[in-house]
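Here is a short report on how two protein chains meet. Keep the sequence and the 3D view open as you read.

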Protein chains: 2
Amino acid sequence: MTASIKDVARAAGVSPATVSRALGKGPVSAALRAQVLEAVRATGYRPNLAARRLRSQESGTIGLVVADIGNPFFTGVARAVEEAAYQAGLRVILCNTGEDPAREAIYLRLMQEERVTGMILAPTRVTAERLATQPPEVPVVLIDRAGPPGGFDSVLLDNQAASAALVDHLVAQGYRRIAGLFGQTSGTGIERAEGYRAAMARHGLPVRERFLLPQVVAAEQGFAALRAEGPLPEAVLVSNSLLLMGVLRASRAAGLRIPADLALAGFDNEDWTGLVEPGLTVVEQPLAEIGRVAMALLFERLRLPGTPVRKVMLSGRCVLRGSTARRGGPEAD
Amino acid sequence: MTASIKDVARAAGVSPATVSRALGKGPVSAALRAQVLEAVRATGYRPNLAARRLRSQESGTIGLVVADIGNPFFTGVARAVEEAAYQAGLRVILCNTGEDPAREAIYLRLMQEERVTGMILAPTRVTAERLATQPPEVPVVLIDRAGPPGGFDSVLLDNQAASAALVDHLVAQGYRRIAGLFGQTSGTGIERAEGYRAAMARHGLPVRERFLLPQVVAAEQGFAALRAEGPLPEAVLVSNSLLLMGVLRASRAAGLRIPADLALAGFDNEDWTGLVEPGLTVVEQPLAEIGRVAMALLFERLRLPGTPVRKVMLSGRCVLRGSTARRGGPEAD
DNA sequence: GCGGTCAATGAAAACGTTCTCAGTCACCTT
DNA sequence: AAGGTGACTGAGAACGTTTTCATTGACCGC
């Protein structure tokens, strides 16, 4: 088939070992190295990574397992991860689980079979729990979603604080009857719900919440159900951008004016949230930072396996836009 | 380290060959198979994919090399590709080149070293030309962007027709001075420009075009340059969603009303294009279909390597929205 | 009852690398 | 001049699988 290192060796008139050294790091005389390089060119040799990995017992690969590659949050993080890996001479295997725990399990197994050097993982709640009892043999860094207490290195947004900040902002703008819609598959949705609840309690306001699948259509249906079950709230807090889009769509379809009939606040500062009218108030997550820190944690654990578990908590940034303009006041922004 | 097939064999009291057969397809008695499975459980054995690939000489992996994983066009295609691969029991390696030919070359080499079964590729113009002289040894299917004539299987949008359809629509709506902004890194941008030129010629209208890097900021600057160089056109045709966003931003910043001061039409029916006010007229590409067809072409070529090269051309669907409402008329939607 | 077929199993080779080990040669020290 | 040092090189083992080949029985038809 394709040329192997032996073919190159024969062409260059040296031993396979010398070819390996000439291409790698070993000591080789300049003359032989030139011969080898010429032979490589002549034969069109490409090293076989499977053989290399088998022999050297290291894959030079890290696994990145996320819920949804269509979600700009994960693509943002993935870019930073890939960039860091590229700098370090590592490859990235990207896996897309679609929030499906079964698929997550399959990919986790696959990563082990690939003998990845380490993994970065955004687990569903189901998988997060399973990780506690069946930890993978390779270093794992969790992103976006908390794992079992004390278990793994992780880099997280301070979801409770961010959620509470949105509630405080809404209250300050004059809203009182604030409903919450949260994703149900991830620990993140749960945490954001808790922040919402705590802040509402602090203000002495009643909670009204629903948990949904993190999909646009689920949010449209969920919002419809919310309306059906009782009076329209003054504002809705939403735990991710897919749900935010769904609620926006549904409220548009219902002819609601934003924020006059309904204020809206959510997570993830995607481009489109600033382009719709009015702009949507969101908590911006530091995507690149999350990716970079995750890789840094992974590298450190690989370097010093014994170090205690570290959880890095990053803060979001509130981007205030017209969707939460002062209640009853002029539509700012 | 981790258990190997020999450990399992020892635990089960059989030979490594029998373990391999029990786990794979070979004929094994039910009793021994049960023993082996039990031993696998006991030892926590996970097959080593590097060894398997080396021995069996097939990677069970296909490479997907795209320009920008942050671009919803590519994530949409990637999803379909991954789904098809998953069904077929194949893995996908996803590579992100950022429209950088150097990085593209690196990843193409990497795919060969991984001994991928086949590749799906959206090349920049530079790489597309290089493919003609240095074709990879594995089957390649091109998507989104045409390669060298007659060279590779590919699945493409009928860009010229789609572009012309947008021009025709704009003309029908009463627009005459129509400018075009196109991406310069891909053959796609070029083709869309050609369709624009041809349609404008057909209508006897003058062409006014610029070629830009496919980035939001480049479009903002490009649009500013367009305005600086002469009178504001009545409409702008834009060759992809990043440029579309840039032009929308820039025209908002300049206080232009759409479509009264400037009509806008582009490519890719992303969610946000229907959520902004007014909605943007776009050509929708069949993302999932592109991914599926690409995989189908790849599979067929693997099955029957001798078949002649096939180019599948899919049509886009015009989604008409308010951004191209009739000139001077009421703002329809 | 006997050659022949067939399923099940094990021994050992092979996949393409890297790495250890031992060897060669040139050069330096004493 | 003998021994030591060091840089370079090749032979061969090893990585963990799959696969070929041979062997063993069991079973079949005659």
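The report covers the interface, helix packing, salt bridges and some backbone details.

## The interface between the chains

This is a predicted model. Start with the place where the two chains touch. Chain B puts 40 residues in contact with 39 residues of chain A. The size of an interface is often given as the accessible area lost when the parts come together. Here, chain B and chain A bury about 4,200 Å² between them. Carbon and sulfur atoms account for 53% of that area.

What holds charged partners across this boundary? The count between chain B and chain A is 11 salt bridges. One of them pairs Arg53(A) with Glu114(B). Their closest N and O atoms are 2.5 Å apart.

## Chain B's side of the contact

Which elements of chain B give two or more residues to the side that touches chain A? They are α4 (49–56), α5 (72–87), β2 (91–96), α6 (101–113) and α11 (241–253) of chain B. The element that gives the most is α6(B), with 7 residues.

Now sort this side of chain B by class. It has 17 nonpolar residues, 6 polar residues and 17 charged residues.

## Two helices from two chains

Two packed helices are described by the angle between their axes and the distance between the axes. Take helix α5 (residues 72–87) of chain A and α6(B). They pack at an angle of about 75°. Their axes are 14 Å apart. The angle falls within 65 to 115 degrees, so α5(A) is roughly perpendicular to α6(B).

Which residues meet here? From α5(A) come Glu82(A), Glu83(A) and Tyr86(A). From α6(B) come Arg103(B), Ile106(B) and Tyr107(B). By class, this contact has 3 nonpolar residues, no polar ones and 3 charged ones.

## Salt bridges

Side chains of opposite charge can pair when their charged atoms come close. Over all chains, the structure holds 45 salt bridges. Glu83(A) and Arg103(B) form a salt bridge, and their closest N and O atoms are 3.3 Å apart. Why does this pair join two chains? Glu83(A) lies in helix α5 of chain A and Arg103(B) in helix α6 of chain B, so the pair links the two.

## A helix pair inside chain A

Next, look within chain A. Helix α2 (residues 16–23) and helix α3 (residues 30–43) of chain A pack at an angle of about 95°. Their axes are 9 Å apart. With that angle, α2(A) is roughly perpendicular to α3(A).

On the α2(A) side, the residues are Thr18(A), Val19(A), Arg21(A), Ala22(A) and Leu23(A). They meet Leu32(A), Arg33(A), Val36(A), Leu37(A) and Val40(A) in α3(A). The contact has 7 nonpolar, 1 polar and 2 charged residues.

## Backbone details

Where do cis peptide bonds occur? In chain A, one joins Ile258(A) and Pro259(A), with omega about 5°. Pro259(A) lies in the loop between α11 (241–253) and β9 (263–267) of chain A. In chain B, the peptide bond from Ile258(B) to Pro259(B) is cis, with omega near 0°. Pro259(B) sits in the loop between α11 and β9 (263–267) of chain B.

One more residue deserves a look. Glu99(A) has a phi near 60°, a positive value in a residue other than glycine. Find Glu99(A) in the loop between β2 (91–96) and α6 (101–113) of chain A.

Notes
Residues are numbered from 1 along each chain as its sequence is written. Chains are lettered from A and ligands numbered from 1 in the order in which they are written. This is a predicted model: local features need pLDDT of at least 70, side-chain atom pairs count only at pLDDT 80 or more; totals for chains, interfaces and linings use all residues. Side-chain values use heavy atoms; hydrogens and water are left out. Contact means heavy atoms within 4.5 Å. Buried area is the accessible area (1.4 Å probe) that two parts lose on being put together, summed over both. A salt bridge is a side-chain nitrogen of Lys or Arg within 4 Å of a carboxyl oxygen of Asp or Glu. Helices (H or I, at least four residues) and strands (E, at least two) are DSSP runs, numbered from the N terminus. Ala, Val, Leu, Ile, Met, Phe, Trp, Tyr, Cys and Pro count as nonpolar, Asp, Glu, Lys and Arg as charged, and the others, Gly among them, as polar. Axes are lines fitted to C-alpha atoms, for helices over the stretch in contact, and angles run from 0 to 180 degrees between N-to-C directions. Angles under 35 degrees count as roughly parallel, over 145 as roughly antiparallel, 65 to 115 as roughly perpendicular and the rest as oblique.
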